Amino acid sequence: MDGFIRIADIDQIPDDEGFVAEVEGKEVAIFRCAGEFFAVENYCPHRGGPVAEGEYEEGVVACPWHAWPFDVRSGKCMINDSARLATYEVRLEAGHLWVKASA
């Protein structure tokens, strides 16, 4: 798959919590919610907190350091319009999750 990197079997990714993968030297936070998968950078733009370790519910993850909430679909911060997480395209194929290398 052009530009995509195999991350994991989809069974390895838990529901409603973060999963960290490395994509070309960058940490990416993967989230699974109701059968959908989302990938965002694992680095909060506020103070660098590990996004994948944050509380995740219904498509929103809160950075564990200062609770800045981010929509994992768009990467948009819900309390600061100038803050955003890079998002990555994901694909499912043959029971595997693939993430596009460039955000």
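This is a predicted model: local features need pLDDT of at least 70, side-chain atom pairs count only at pLDDT 80 or more; totals for chains, interfaces and linings use all residues.

Modeller: Residues are numbered from 1 along each chain as its sequence is written, and side-chain values use heavy atoms, with hydrogens and water left out.

Colleague: What makes the contact between Arg-6 and Asp-9 a salt bridge?

Modeller: A salt bridge requires a side-chain nitrogen of Lys or Arg within 4 Å of a carboxyl oxygen of Asp or Glu. The N to O distance between Arg-6 and Asp-9 is 3.3 Å, so the pair qualifies. The structure holds five salt bridges. Another of them joins Arg-91 to Glu-89, with the closest N and O atoms 3.7 Å apart.

Colleague: Why is Arg-6 called partly exposed?

Modeller: Buried means under 20% relative accessible area, exposed means over 50%, and partly exposed lies in between, with a 1.4 Å probe and protein chains only. Arg-6 has a relative accessible area of 46%, and therefore counts as partly exposed.

Colleague: Which parts of the chain does the salt bridge between Arg-32 and Asp-15 link?

Modeller: The closest N and O atoms of Arg-32 and Asp-15 are 3.3 Å apart. The pair links distant parts of the chain, 17 residues apart: Arg-32 is in strand β3 (residues 26-33), and Asp-15 is in the loop between β1 (4-9) and β2 (19-23). Strands here are DSSP runs (E, at least two residues), numbered from the N terminus.

Colleague: Is Arg-32 buried or partly exposed?

Modeller: Arg-32 has 17% relative accessibility, and therefore counts as buried. Asp-15 has a relative accessible area of 46% and is partly exposed.

Colleague: How do you know that the side chain of Asn-42 makes a polar contact with the backbone nitrogen of Val-51?

Modeller: A polar contact is a pair of N or O atoms within 3.5 Å; within protein, one must be able to donate a hydrogen and the other to accept it, and residues adjacent in sequence count only if both atoms are side-chain atoms. The side chain of Asn-42 reaches the backbone nitrogen of Val-51 at 3.0 Å, so the distance meets the limit. A polar atom of the Asn-42 side chain also lies 2.6 Å from the backbone nitrogen of Ala-52.

Colleague: Where does Asn-42 lie, and why is Asn-42 called buried?

Modeller: Asn-42 lies in the loop between β4 (36-41) and β5 (55-57). With 7% relative accessibility, Asn-42 counts as buried because the limit is 20%.

Colleague: What is Asn-42 in contact with, apart from its neighbours within four places in sequence?

Modeller: Contact means heavy atoms within 4.5 Å. The residues in contact with Asn-42 include Val-20, Glu-27, Gly-49 and Pro-50. Val-20, in strand β2, is 22 residues from Asn-42 in sequence and 7.5 Å from Asn-42 in space, C-alpha to C-alpha. Val-20 is partly exposed, with a relative accessible area of 43%.

Colleague: What makes a group of residues a nonpolar core?

Modeller: The term denotes a set of buried Ala, Val, Leu, Ile, Met, Phe, Trp, Tyr and Cys residues joined through side-chain atoms within 4.5 Å. The largest such core has 17 residues; among those that touch the most other members are Phe-31, Val-40 and Tyr-56. The elements giving two or more residues to this core are β3 and β4, and β3 gives the most, with three. In soluble globular proteins, nonpolar side chains tend to be buried together.

Colleague: Why are β1 and β10 said to pair?

Modeller: Two strands pair if DSSP finds at least two bridges between them. β1 and β10 are joined over five bridges in the antiparallel sense, and therefore they pair. In one of these, the bridge partner of Phe-4 is Lys-100 in β10.

Note on methods:
Helices (H or I, at least four residues) and strands (E, at least two) are DSSP runs, numbered from the N terminus.
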